[in-house]
Amino acid sequence: MSQDIRIHSWPCSYYLDAGKRWIPGKLSLTPVSVRFTADGTGELLVDSQLSGIAEIKKESSHLIFSSLTILEKGAKHWFSSLHPNRNAVFNVLEHFWREQLLSGREAGAGAAPESTKGRELSGMLVGSQRRLEDTAKVLHCQGEQFDSIMRGLHKIEGDMDVADRLLTELESPSWWPFSTKLWKTAPEAKPKETAAAAAGPEEGILLRIPVIITHRTDSNVKPGKLTLLPSGLEIRDCNSQLLHRFESRDVDDIRVHTPYEISVRQRFIGKPDHSYRLLSARMPEAIPVLEMQFSRKVQFLEDALGFAGAGKSPQAELGTSIWQAATGLLGGAANPGSPSGSREGMDREQAQLQKHEKVSQEEAKELRQILKKLKGLALETEAELERQDEALDSISSSVDRATLNIDRQNRRMRRLT
């Protein structure tokens with residue numbers, strides 16, 4: 001993902017201290033920097049790395065009213081006439097600045113370390129490991145839902161047994177000699193059983209990330225949190241107060257505008273839709289999980305098409321990357337009859353290629369550890385899938401039994417009426 005991608009931009013004015021004047025232009029935010037470009041000339045007047053910013057503040061004075069200041073290495077930049085408003089711009093800038101400092105992503109913004117095939121393979125395997133861990137979390141939460149369904153079906157079967165006993169008693173003649181107290185003990189014990197079933201384990205959290213929330217208008221921007229659950233997603237404010245909960249069946253579409261910004265919408269007829277726009281520095285972590293949960297509802301817009309290609313098929317991406325890595329290693333053997341020039345030049349190229357493609361012992365050890373983790377995750381996933389297959393068979397048979405029992409009890413009640 002390119003570090004020059006524009007996350008957001010706002011029209012504003014910048015105070016040029018050298019000329020003692022305000023210059024209109026656009027303030028832009030990228031994953032690693034804040035930039036200001038003048039209108040007309042297109043001159044880049046400010047290019048501040050997020051890692052080098054010391055402070056972002058909202059200030060005002062007798063000369064500058066309602067301004068935003070960025071302090072870096074002794075230099076102070078003033079921005080005013082911010083659209084849609086100063087608070088919206090401040091919330092977004094502060095969020096990405098804090099996340100950049102916490103994650104330490106600025107380490108890769110300077111001179112990139114020398115890339116080797118061992119590091120490339122390690123990076124690919126780590127990405128596959130993260131995706132497999134996310135899949136395992138979803139499967140685990142899905143298994144908990146199946147267990148909850150089984151508990152509910154067992155409760156239904158118990159209730160149907162009680163109904164069968166009561167109907168048997170009602171169908172008996174009035175002179176039936178046996179007491180009815182035997183059948184009253186079971187219903188009295190039901191409330192406790194119901195309470196125990198209601199107080200089951202809480203729903204597991206797949207992922208929780210800080211976000212900037214935009215609701216309806218661009219000026220209504222505030223920080224909050226996005227929580228991904230197996231049954232849907234929750235949007236909360238900075239005080240953890242629930243703003244809205246989207247059940248999985250209620251979500252009509254999720255649009256990925258950029259790798260850092262999405263919008264979630266629930267359509268209604270005759271009243272406004274429920275729509276939230278979410279911006280976060282950690283959104284690339286959430287998009288793969290959303291793809292697994294809402295695969296047919298996720299739409300990648302033009303600015304996010306590159307991210308879609310990288311995220312939709314991790315197996316294809318891994319295979320392509322490994323093929324490219326292997327092509328470099330086997331390139332000399334693939335074209336033995338190609339024109340090669342002098343033997344010295346060929347030897348020099350071969351030595352340089354071997355030096356670049358060499359995998360060190362430390363990298364091989366790291367690859368071995370990652371592969372062991374991947375093998376363990378794959379075995380656990382296989383075991384969980386087998387358990388869920390058995391649970392589905394049991395649920396199917398239980399549903400069939402419950403349907404037959406309900407039909408039979410309905411017929412008996414009709415005969416009584």
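This is a predicted model: local features need pLDDT of at least 70, side-chain atom pairs count only at pLDDT 80 or more; totals for chains, interfaces and linings use all residues.

Visitor: Okay, so is Glu59 buried or exposed?

Guide: Glu59 is buried, because its relative accessible area is 16% and the cut-off for buried is under 20%.

Visitor: And which side chain does Glu59 meet in a salt bridge?

Guide: That's Lys57, with 4.0 Å from N to O. Lys57 itself is partly exposed, at 33% relative accessibility.

Visitor: How many salt bridges are there by this rule?

Guide: The count comes to 17. Among them is one between Arg245 and Glu247, at 2.7 Å from N to O. Arg245 has a relative accessible area of 26%, so this residue counts as partly exposed.

Visitor: Which residues are linked with Arg245 in a network?

Guide: Glu234, Arg236 and Glu247 are linked with Arg245 in a network of salt bridges.

Visitor: What about Glu285, what does its side chain meet?

Guide: The side chain of Arg282, in a salt bridge of 3.3 Å from N to O. Glu285 is partly exposed at 35% relative accessibility, and Arg282 is partly exposed too, at 24%.

Visitor: Changing topic: which residues touch the most other members in the largest nonpolar core?

Guide: Leu27, Leu29, Phe79 and Leu93 do, in a core of 29 residues. Strands E1 (8-16), E2 (21-29), E3 (33-38) and E6 (67-72) and helix H1 (86-103) each supply at least two residues of this core. H1 gives the most, with seven residues. The core draws at least three residues from each of domain 1 (8-104) and domain 2 (207-304).

Visitor: What does Leu29 touch?

Guide: Leaving out residues up to four places away in sequence, its contacts include Trp10, Val34, Leu50, Leu93 and Phe96. Apart from this core lies another one, of 26 residues, including Cys141, Ile209, Val289 and Phe294.

Visitor: Why would nonpolar side chains be buried together?

Guide: As a general rule, that's how they tend to be in soluble globular proteins.

Visitor: Last one: where is Ser398?

Guide: Ser398 sits in helix H8, which covers residues 361-416. With a relative accessible area of 2%, Ser398 is buried. The side chain of Ser398 makes a polar contact of 3.2 Å with the side chain of Arg401. Not counting residues up to four places away in sequence, Ser398 touches Leu153 and Glu157.

Note on methods
Residues are numbered from 1 along each chain as its sequence is written. Side-chain values use heavy atoms; hydrogens and water are left out. Helices (H or I, at least four residues) and strands (E, at least two) are DSSP runs, numbered from the N terminus. Buried means under 20% relative accessible area, exposed over 50%, partly exposed in between (1.4 Å probe, protein chains only). A polar contact is a pair of N or O atoms within 3.5 Å; within protein, one must be able to donate a hydrogen and the other to accept it, and residues adjacent in sequence count only if both atoms are side-chain atoms. Contact means heavy atoms within 4.5 Å. A nonpolar core is a set of buried Ala, Val, Leu, Ile, Met, Phe, Trp, Tyr and Cys residues joined through side-chain atoms within 4.5 Å. Domain bounds come from an automatic or database domain assignment.
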